Amino acid sequence: MQQVKGVIARSKGAEVELVTINVPDPGPGEAVVAIQACGVCHTDLHYREGGIGDAYPYLLGHEAAGIVEAVGPEVRDLAPGDFVILNWRAVCGTCRSCRRGRPWYCFATFNATQKMTLEDGTELSPALGIGAFIEKTLVAAGQCTKVDPATRPAAAGLLGCGVMAGLGAALNTGNVGRGDSVAVIGCGGVGAAAIAGARLAGASRIIAVDLDDRKLETARTLGATHTVNSRNADAVTAIQALTDGNGADVVIDAVGAPETWKQAFYARDLAGTVVLVGVPTPSMQLEIPLLDVFGRGGSLKSSWYGDCLPSRDFPMLTDLYLQGRLPLDAFVSEEISLDEVEAAFTRMHHGDVLRSVVVL
């Protein structure tokens, strides 16, 4: 058992706290990881606000990279000293999706069995089964994906959630190919990553749509060939005008609202693809003529975690980063300490950053 510092949300809507946390020694199939960097993701804010559940107190943070400190019994292919990115899809290998060769949809992912606790013994609920706003965390060994240790931790950790979600929405779910036209609605961290993914895939025309000119300018640096401020122009009309009147081959909704999904639906070409990667709230409803769904053909998809398989995607993407072909550093807006997470939530809410990253 170790005692370390970590950031928790004690109750719905309350400001986060930096507290002392008990971290058990790893049991069978578990690992303790010394966190080097962890991104501040919207999902952490959703936990704090009660948008995901009410199993308080939550140990926040999940978009992380670090060094394996210790492993428990029955752990193979992982050892102390390994540099890893943490993931919340530790595939089981035996569920019906894994058996069908689709492990990126695994329906029985692993988390650590033991619980981290407060000093008084109160059990913590780790965000997405990870909990990485902490000096050291306990996870299932399968949540650790080894990558090249030359990778900058602050950049590598972002593949643990938001950046991977955006890259995967383009590369995996949208299957963007060479010469395709792509539109991305919403250019925060996930949408910006989708733009980078579309460029990586060889898209010929990449249209960034947002209400904020600052985000649109950043989108250009990541590969957008055209930008549309939908505060000043109708997004659907503008996308069609930039694609010879046809609409884009792939339209990615990185907002996750009925209005933006409809824009994506009508801004795609006939037989084109819509990818929903922005996360809707439980109360959102969608109404659309079923005849339009039938008549326009194509594919309507949602993207879970960018449909990624960490063991396949993380090493490949970090290799591209080290080759200078994937600008992960561009997503790191600032590096902060554990006691600055609350302030980082405010900057994120105001759209001032792509990612604040806690560095330990």
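Before I start on pairs, the cut-off I'm using: a salt bridge is a side-chain nitrogen of Lys or Arg within 4 Å of a carboxyl oxygen of Asp or Glu. I also remind myself that this is a predicted model.

**Entry 1: the Arg-48 pairs**

I looked up Glu-342 first. Glu-342 forms a salt bridge with Arg-48, and their closest N and O atoms sit 2.4 Å apart. Where in the chain are the two partners? Glu-342 belongs to helix H11 (residues 341–349) and Arg-48 to helix H1 (residues 42–49), so I've noted a link between distant parts of the chain, 294 residues apart.

Then I checked what else Arg-48 touches. Glu-49 also forms a salt bridge with Arg-48, again with 2.4 Å between the closest N and O atoms. Shared partners join Arg-48, Glu-49 and Glu-342 into one network.

Arg-48 is buried, at 11% relative accessible area. Glu-342 has 18% and counts as buried too, because the cut-off is under 20%. Glu-49 is partly exposed, with 35%.

**Entry 2: another pair, and the tally**

How many salt bridges does the structure hold? I get 11. One of them that I looked up joins the side chains of Arg-10 and Glu-17, at 2.9 Å from N to O. Are these two buried or partly exposed? Arg-10 comes out partly exposed at 39% relative accessibility, and Glu-17 is partly exposed as well, at 29%.

**Entry 3: cysteines**

I went looking for disulfides and found zero. For reference, the cut-off is 2.5 Å between the sulfur atoms.

Cys-308 is in no disulfide either: the nearest cysteine sulfur, that of Cys-161, is 9.4 Å away. I set that 9.4 Å against the 2.5 Å cut-off in my notes.

Are Cys-187 and Cys-308 buried or exposed? Cys-187 is buried, with a relative accessible area of 1%. Cys-308 counts as buried at 0%.

**Entry 4: what I'm keeping**

From the cysteine side I keep zero disulfides, with Cys-187 and Cys-308 both marked as buried. From the charged side I keep the network of Arg-48, Glu-49 and Glu-342, plus the Arg-10 and Glu-17 salt bridge.

Conventions
Residues are numbered from 1 along each chain as its sequence is written. This is a predicted model: local features need pLDDT of at least 70, side-chain atom pairs count only at pLDDT 80 or more; totals for chains, interfaces and linings use all residues. Side-chain values use heavy atoms; hydrogens and water are left out. Buried means under 20% relative accessible area, exposed over 50%, partly exposed in between (1.4 Å probe, protein chains only). Helices (H or I, at least four residues) and strands (E, at least two) are DSSP runs, numbered from the N terminus.
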